[in-house]
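This report describes a protein model, moving from the overall fold to one helix and its surroundings.

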Amino acid sequence: GSHAGTPVELRVWRDGRDLTITVTPEASGFAGSGATAGSATTGHIGVQLASPTRGPVERVGLVSSVGQSFTGFGRTVALSVSALGQIFSAHGLSQYFHDLTNSKAATQSEHSNIRIQSIYGAVRTGVQGAQSGAAGLIEVLISINIFVGMINLLPMLPLDGGHVVVAVYERIRSRRGRMYHADVRKLAPVAYVFVVFLGAIVLSAFYLDITHPLANPFH
């Protein structure tokens, strides 16, 4: 507009907060279309839209991309482990229960970066990623695969992580020429409780994703 060199206030939504910032448009160096000498110079400000988890697009070579892929994978795994620790901690579960029983808390959690999502919420986020571009959709699919893989490695039956723990225990108890076989039926009550717990998490997450969907992370 015609505010070149004049500070103006803008309202922006950042990290779940409504902020008011002051910017000064820079003169474009030419008048607007149809302007005459002495008319106001057009002012411009720069705005970049990007995912909170991605910076600007950077083009790298084939060799560099291989190294960066391992770095990115490690970073995503580390973030997944951190998210799991926060979600299933005493504080995380308490906050999750509070979101289920308090509509105001659930509304506030809509802008949270860490909250359990059901398949409904994951599909919704995938659509938002696709709308932001192919890179956004790929990012969502990679995150889902890694996170599901991390969940599957939890040391609880019937997950694969539980079978790994049983297999390691059997190997430790085995002796030369005599394999030890653990009676996994004794773990059935624990497995049943865990399955019920996961079922409750899935159903409640589905409810929250419908009534209080998470904010678009690509805006």
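A residue is called buried when its relative accessible area is under 20%, exposed when it is over 50%, and partly exposed in between (1.4 Å probe, protein chains only). This is a predicted model, in which local features need pLDDT of at least 70 and side-chain atom pairs count only at pLDDT 80 or more, while totals for chains, interfaces and linings use all residues. Residues are numbered from 1 along each chain as its sequence is written, and side-chain values use heavy atoms, with hydrogens and water left out.

**Overall architecture**

The protein holds 7 helices and 4 strands. Helices (H or I, at least four residues) and strands (E, at least two) are DSSP runs, numbered from the N terminus. Read from the N terminus, the order of elements is β-β-β-β-α-α-α-α-α-α-α. Of the 219 residues, 21% count as buried. Among contacts (heavy atoms within 4.5 Å) with a separation of 6 or more, 52% are between residues 24 or more positions apart.

**Helix α7 and its packing**

Helix α7 spans residues 188-211, 24 residues in total, and reaches 35 Å from its first C-alpha to its last, close to the 34 Å expected at 1.5 Å a residue. The expected span is 1.5 Å times one less than the number of residues. Its buried residues are A191, F194, I201, S204, A205, L208 and D209, and they pack against α2 (90-101), α3 (103-109) and α4 (119-132).

F194, in helix α7, has a relative accessible area of 11% and is therefore buried. Leaving aside neighbours within four places in sequence, F194 is in contact with M156, L157, P158 and L159. The C-alpha atoms of F194 and L159 are separated by 10.0 Å, and the two residues are 35 apart along the chain.

**The loop between α3 and α4**

S118 lies in the loop between α3 and α4 and, at 7% relative accessibility, counts as buried. Beyond its neighbours within four places in sequence, S118 is in contact with V202, A205, F206 and D209.

Side chains of opposite charge can pair when their charged atoms come close. A salt bridge here is a side-chain nitrogen of Lys or Arg within 4 Å of a carboxyl oxygen of Asp or Glu, and by this rule the count comes to 2.

| Salt bridge | N to O distance |
|---|---|
| R115 and D209 | 3.2 Å |
| D183 and R185 | 3.0 Å |

The side chains of R115 and D209 meet in a salt bridge. R115 lies in the loop between α3 and α4 and D209 in helix α7, so the pair ties together parts that are 94 residues apart in sequence. Both R115 and D209 are buried. In the other pair, D183 is partly exposed at 32% relative accessible area, and R185 is exposed at 67%.

**A nonpolar surface patch**

I119, Y120, V123, V127, F206 and I210 form a nonpolar patch on the surface, with about 560 Å² of accessible area together. The elements giving two or more residues to this patch are α4 and α7, and α4 gives the most, with 4 residues. Patches are made of residues with over 30% relative accessible area and no salt bridge; like charges are joined within 9 Å, and nonpolar side chains (Val, Leu, Ile, Met, Phe, Trp, Tyr) within 5 Å. F206 belongs to helix α7 and counts as partly exposed at 37% relative accessibility.

Note on methods
Areas by Shrake-Rupley, 256 points an atom, 1.4 Å probe, with all protein chains shown as cover.
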